[in-house]
Amino acid sequence: MSGRVIRVTPPRDFYFDGLADQQSLQVVVAEGIDVTGFDLLDLLVRVHADAAIPNGASIEVAVLSDGHTLDDPSRDFFTNPIGVVIFDSNSVPAAGTLRLERVDPPLGSMLAVRVKGSRDQTGGNIRARLSVDLVMKTS
């Protein structure tokens with residue numbers, strides 16, 4: 001079994017403060033990640049400082065298939081998430097938390113990673129300091 005690790009983002013602060021009720025904000029942190037030749041994938045999300053996630057809020061790190069094309073480079077062609085790590089008020093992560101999500105094949109040829117903060121009907125800050133890695137393997 002051979003593999004490769006890609007650092008999608010080093011430790012980075014994600015702030016989703018000021019979202020209105022029933023609102024979310026998405027940040028694409030990487031796209032066009034070439035996974036040609038790999039058929040297994042692990043999404044690793046590390047928490048580097050205690051997160052703040054009030055009731056009714058969440059932070060989601062998702063892997064998406066990316067259908068980027070040079071015919072229309074200004075548009076995104078992402079699928080629904082194929083792998084997701086979610087932190088919410090029921091699982092507010094402390095510094096040192098590591099979450100692993102296995103992504104089942106097929107992966108496609110390119111991937112993207114996005115972080116999304118969402119709020120239902122609550123106040124308070126939504127914040128986390130996260131790093132994201134992809135571990136790609138062949139069976």
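The accessible surface of the chain amounts to about 7,200 Å², and carbon and sulfur atoms account for 46% of this area. The structure described here is a predicted model. Of the 139 residues of the chain, 41% count as buried. The chain holds eight strands and zero helices, and its elements follow the pattern β-β-β-β-β-β-β-β when read along the sequence. Among contacts between residues at least 6 apart in sequence, 85% join residues at least 24 apart.

Four of the strands form an open sheet in the order E1-E8-E3-E6, with antiparallel pairing. Strand E1 (3-15) and strand E6 (98-103) stand at the edges of this sheet; each has a single partner strand, so one side of each lacks a neighbour in the sheet. On average, neighbouring strands of the sheet are turned by 15 degrees against each other, direction ignored. The pairing of E1 with strand E8 (residues 127-137) is antiparallel and extends over 10 bridges. Within this pairing, Arg4 has Met136 of E8 as its bridge partner.

A further antiparallel pairing, over nine bridges, joins E4 and E7. Here Val61 has Val115 of E7 as its bridge partner. In E4, 10 of the 10 residues are buried, so this strand is largely enclosed by the rest of the structure. The burial extends to both faces of E4: Ala57, Ile59, Val61, Val63 and Ser65 are buried on one side, and Ser58, Glu60, Ala62, Leu64 and Asp66 are buried on the other.

The largest nonpolar core comprises 33 residues, and those with the most contacts inside it are Val8, Ile33, Val113 and Leu130. Two or more residues of this core come from each of E1, strand E2 (23-34), E3, strand E4 (57-66), strand E5 (78-88), strand E7 (110-119) and E8. Apart from its neighbours within four places in sequence, Val113 is in contact with Val8, Val27, Val28, Val29, Ala30, Ile33, Val61, Ala62, Val63, Val132 and Leu134.

Another salt bridge brings together the side chains of Asp42 and Arg102, at 2.8 Å from N to O. This pair links distant parts of the chain, with Asp42 in strand E3 (residues 40-52) and Arg102 in strand E6, 60 residues apart. Asp42 is buried, with a relative accessible area of 4%, whereas Arg102 is exposed, with a relative accessible area of 52%.

The side chains of Arg46 and Asp133 also meet in a salt bridge, at 2.3 Å from N to O. Arg46 lies in strand E3 and Asp133 in strand E8, and the pair links these distant parts of the chain across 87 residues. Arg46 is partly exposed, with a relative accessible area of 28%, while Asp133 is buried, with a relative accessible area of 4%. Arg46 and Asp133 are linked with Arg7 in a network of salt bridges.

Two local features of the backbone remain to be described. Most residues other than glycine have a negative phi, and most peptide bonds are trans. Gln22, although not a glycine, has a positive phi of about 60 degrees. This residue is found in the loop between E1 and E2, and Gln22 is exposed, with a relative accessible area of 57%. A cis peptide bond joins Pro105 and Pro106, with omega at about 5 degrees. Pro106 is placed in the loop between E6 and E7.

Methods
Residues numbered from 1 in each chain as written. Predicted model: local features only at pLDDT ≥ 70, side-chain atom pairs only at ≥ 80, totals over all residues. Heavy atoms only, no water. Pairing = 2+ DSSP bridges. Axes fitted to C-alpha atoms, helices over the stretch in contact; angles between N-to-C directions. Salt bridge = Lys/Arg side-chain N within 4 Å of Asp/Glu carboxyl O. Buried < 20%, exposed > 50% of the residue type's maximum accessible area, 1.4 Å probe, protein only. Contact = heavy atoms within 4.5 Å. Areas by Shrake-Rupley, 256 points an atom, 1.4 Å probe, with all protein chains shown as cover. Core = buried A, V, L, I, M, F, W, Y, C linked by side-chain atoms within 4.5 Å.
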